[in-house]
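Here's a quick walk through how this model is put together. Have a look at the structure first, then read on.

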Amino acid sequence: MAFIDFWKKIEPKKENKFAHATFDALFTFFFKPNLTTSGKGVHIRDAMDLKRTMIMVVLAMQLCYVVGTVNIGYQHFLALGVNTNIFEAFHLKLVFGLVQLLPIFVVTHLVGLGIEFYFAARRGHAVEEGFLVSAALIPLIMPPGVPLWMLALSIIFAVILGKEAFGGTGMNVVNIALLSRVFIFFAYPTYISGDTPWIAGLDLDNKVADYNWGHLMFNPLFESIGWSTFQDGHPIIANFSGATPLALGYQSGWAVTDPATGEITGGILSQFSALQMWMGGIPGSIGETCKPAIILGGIILLATRVASWRVMLSFAIGVAVMGLLFNVWQATHYMNVPWYHHFGMGGLLFALVFMATDPVTAAQTNTGKLWYGFLIGVFGMMIRVMNPAYAEGWMLAILIMNVFAPLVDHFVIEGNISKRMKRAKQYAKGS
Amino acid sequence: MTWGIMIVLILLLLFVFALLTLGEGLLKVAASQSGADASDYSVIPNSLGNMFTAAKTKPAYVPAGKNIRHLSRGFNINLEGIANSKSVIEPLRMSRYSIKPTDFIGMSPMPKLLVEIGSQVKAGQALFFDKKRPEIIYAAPISGELIEVRRGEKRMITEVTILADQSDIQYFQYENIPSLATASRDEIVKFLLSSGAWPFIRQRPFDIVANENDTPKAIFVSTFDSAPLAPDLNLAVAGKEEAWAKGLEVLAKLTASKVHVGLNSASDNSPASAYINSDKIEGVETHWFSGPHPSGNVGIQIHHIDPVLSGSSVWYTDVHGVILIGTLLLKGTFDTERVVALAGTELAPKYVRVHQCANVEGLLSNMNPDFADEKIWTKDETGKKVKKDLPVRKIRIISGDVLSGIQIERNGSLGFYDDQITTVKEGNYYEMFGWLIPATGHPSMSRTFPAALFSDISYVADTNTNGEKRAFVMSGEYESVLPMDIYPQHVFRAIMCNDIEKMEGLGILELGEEDVALCEFVCTSKQPLQKLLREGLDTLRNS
């Protein structure tokens with residue numbers, strides 16, 4: 001009770017809109033408000049609210065954060081050719097990962113929530129929770145070395161034009177997290193596609209490790225305990241490429257075997273094993289690499305029924321159908337990647353679990369959800385495999401289907417309407 | 001690397017196993033401590049079948065050759081404070097009975113009163129009529145003295161109160177009661193209109209009192225109420241079987257088609273034999289339904305048997321209406337006595353036998369005060385924040401059920417159609433991290449609460465909204481509790497856009513407020529759906 005008195009005492013005046021919106025957001029974070037139902041209508045309400053829904057999604061992706069953080073460091077040291085066992089010099093990997101990830105996380109929240117608070121104050125309504133999920137998703141779909149100013153710019157673009165312009169949480173047409181990513185993709189393509197952006201902390205011109213003060217300030221600490229330290233200027237291994245499995249797949253497919261020796265000389269398998277791709281020891285966006293972590297998140301979302309199983313299932317079916325079709329077709333190198341291995345590569349699973357299932361931008365009807373997911377699977381595979389410039393497709397496929405989701409719903413709704421109209425006409429004729 | 005992963009996985013498995021074992025043990029200890037059979041409780045489901053499907057067996061009381069309609073969508077809110085039907089139900093006489101014109105949707109604000117204040121009325125005597133539909137007479141539920149006509153804003157009549165006779169009830173004498181064998185439909189309609197029984201018959205669309213100039217597609221009666229803490233309607237017909245049968249006969253005369261009676265096959269107890277045998281009457285058909293709330297709502301049953309279509313109407317009434325009409329034709333008395341459930345945690349739940357529209361004050365004599373002083377932060381004259389003792393409502397009294405009833409004051413009265421008084425705790429309190437903690441003690445359909453694994457927990461409900469109002473975010477929620485071929489979310493969007501054509505096409509005419517009440521309950525965004533639906537229906541009705 002004393003705590004609530006403290007809050008009531010510091011409550012700013014309603015005229016000070018920004019301060020009051022900020023206070024209200026914080027207050028409702030600490031306390032469930034004392035609002036009661038009206039005297040007409042339902043008198044009791046379900047214990048579920050939007051805050052809890054959103055926090056479930058955020059909780060579901062926590063393991064992706066943990067594994068992603070370690071993987072940033074792991075990939076960095078793989079490129080240097082030192083500490084190549086994941087548990088070797090684990091403290092360096094963890095610290096390296098945190099130093100890369102934390103600023104991204106903080107900037108995302110500061111910029112995004114700042115805009116949210118501002119618009120909430122302007123409109124005079126409460127700060128809505130929607131951005132908390134977007135803000136948790138955005139770091140996971142960014143490359144580990146994304147420049148912070150670029151990140152801030154992309155979030156400003158996504159939140160203002162993608163969401164606030166349409167009226168805030170629940171009104172947006174396209175997925176905010178993907179919109180911020182696609183902004184970087186089109187405005188600064190070299191920072192988010194190709195071989196270079198996926199491993200952080202490297203000076204690729206001089207082919208050496210490149211640490212900043214954020215990493216190096218830990219060196220004295222590690223030295224004092226007697227642990228290994230960051231070596232600024234450590235050379236990169238000779239045959240380093242930084243290519244993701246997707247890029248390798250695009251260049252030369254699943255595996256190129258030497259007919260004489262039977263050795264694998266090219267393709268995805270020459271650098272990554274299938275298990276490695278599943279477990280997440282590959283370069284890529286921060287959260288998309290470790291598939292078991294994503295699947296666990298997916299299980300949480302499905303078990304709590306926060307996300308729609310219809311979208312996930314039909315998405316997977318769409319991918320499988322298209323993958324099988326490509327396997328039969330075999331027109332390019334990329335098409336010979338077995339369809340089931342597509343699930344282990346790139347952002348497919350992350351898109352399936354966390355991106356396509358966004359309830360606001362997905363189709364709203366149950367039948368519509370099946371079509372929506374299926375078409376994302378089909379379009380995404382088409383963009384991933386057939387696109388000559390960019391070997392990944394889920395961001396673009398989901399954004400396309402976000403735009404077309406209302407159309408999918410429209411057909412379902414019209415079907416329902418015409419059924420009812422037909423019945424009414426029949427009745428009118430009969431009587 | 002793979003070894004590392006294997007070790008982590010094995011450790012994880014061991015951890016989960018240890019957690020399950022510990023949970024199982026604790027559960028059994030808790031079960032045996034509270035006196036339950038420990039073998040009934042386990043964190044591991046005892047068969048896969050139990051996990052995925054509910055048993056779909058046909059209960060013994062369902063007659064051979066009758067099919068059951070299984071409605072899988074819906075939700076039963078388990079609440080504490082259900083009325084116990086085992087004890088004898090005492091007939092009680094309250095001092096006042098108030099009939100509220102506001103209970104009738106679409107009635108003009110100032111109905112024409114036919115009796116002056118201070119004069120004596122008999123049960124069944126005409127009290128007032130709606131100036132827009134003067135044929136329909138609203139009658140006194142009990143005999144006594146008309147003592148008050150309470151008016152609300154703009155002089156709108158909100159309550160017409162009768163001080164009831166405490167001795168024998170004086171019944172209004174009808175001149176010519178039609179005999180069912182000889183009377184035409186018109187004669188019966190005319191009699192029902194003038195006797196005050198007509199308002200018991202309502203129609204879909206719009207839930208208004210039935211339009212006497214229409215011939216309905218069909219007439220529906222639901223013999224069970226699946227709402228939380230609802231009364232057992234078997235008690236309503238006990239001893240009045242003859243009136244029930246007579247009432248159905250009358251209704252069968254009113255429609256060119258059938259009278260459909262909805263029966264519950266989801267309960268352990270059989271419906272009253274009077275209900276089961278309804279189909280022995282000519283023109284009456286019975287239909288068995290099984291499933292969670294809202295399977296007992298007449299709107300749901302209409303949708304599955306003979307749906308409302310544009311340009312047609314379906315009539316319905318409740319068990320009390322059928323019995324009243326039956327008694328009227330059998331005995332010539334306007335007897336509005338009904339079994340009412342007093343439910344909820346704030347009083348000792350029981351059944352009572354009172355007349356319609358009874359003032360509830362006498363029924364709640366044992367209830368705690370519904371207001372209490374509490375220290376509240378307010379601003380004083382100078383604008384400074386101070387803590388002050390102010391009366392705060394602690395208990396809410398609802399005429400009807402918690403999903404679609406109407407809040408009344410302690411000296412208020414039962415609604416015209418209501419047979420239930422529910423009391424719930426008022427939820428005007430703050431709860432620290434109430435949105436985050438996994439166990440809240442509030443009922444929920446969401447699976448994000450561990451309690452969702454146990455279906456038989458009952459809750460002490462309160463009226464807290466458990467969150468703030470938001471825009472529509474989640475989808476598929478409303479569909480999961482509305483067993484109809486309707487897209488509720490799109491209906492609501494059409495209402496918000498005032499798109500009349502779409503509302504009608506999407507089936508708003510089939511919906512009533514009680515049908516979407518469960519949607520409103522589960523709504524994550526805390527939208528006022530029943531209010532919204534009524535706005536849409538009003539737009540259509542007035543267009």
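Which domains does the domain assignment of chain B give? The list runs domain 1 (17–53), domain 2 (94–172), domain 3 (173–333), domain 4 (340–444 + 452–464) and domain 5 (465–543), with bounds that come from an automatic or database domain assignment.

Before going further, some ground rules: this is a predicted model, where local features need pLDDT of at least 70, side-chain atom pairs count only at pLDDT 80 or more, and totals for chains, interfaces and linings use all residues. Residues are numbered from 1 along each chain as its sequence is written, while chains are lettered from A and ligands numbered from 1 in the order in which they are written.

Chain A is split into domain 1 (10–32 + 48–240) and domain 2 (290–419).

| Domain pair | Distance between C-alpha centres | Residues in contact |
|---|---|---|
| Domain 1 and domain 2 of chain A | 25 Å | 21 residues from domain 1, 21 residues from domain 2 |
| Domain 3 and domain 4 of chain B | 32 Å | 8 residues from domain 3, 12 residues from domain 4 |

(Ala, Val, Leu, Ile, Met, Phe, Trp, Tyr, Cys and Pro count as nonpolar, Asp, Glu, Lys and Arg as charged, and the others, Gly among them, as polar.) In chain A, the side of domain 1 that touches domain 2 has 14 nonpolar, 6 polar and 1 charged residues. Its largest share, 5 residues, comes from helix 3 of chain A.

Zooming out, chain A has 17 helices and 5 strands, taken as DSSP runs numbered from the N terminus (helices are H or I, at least four residues; strands are E, at least two). Its C-alpha trace spans about 80 × 65 × 35 Å along the principal axes.

Now for one helix pair. Helix 4 (residues 62–80) and helix 13 (residues 291–303) of chain A pack at about 170°, with axes 8 Å apart. That makes helix 4 of chain A roughly antiparallel to helix 13 of chain A, a label for angles over 145 degrees. A:L63, A:C64 and A:V67 in helix 4 meet A:A293, A:I294, A:L296 and A:G297 in helix 13. By class, that contact has 6 nonpolar, 1 polar and no charged residues.

Technical notes:
Axes are lines fitted to C-alpha atoms, for helices over the stretch in contact, and angles run from 0 to 180 degrees between N-to-C directions. Angles under 35 degrees count as roughly parallel, over 145 as roughly antiparallel, 65 to 115 as roughly perpendicular and the rest as oblique. Two residues are in contact if their C-beta atoms, placed from the backbone, lie within 7 Å.
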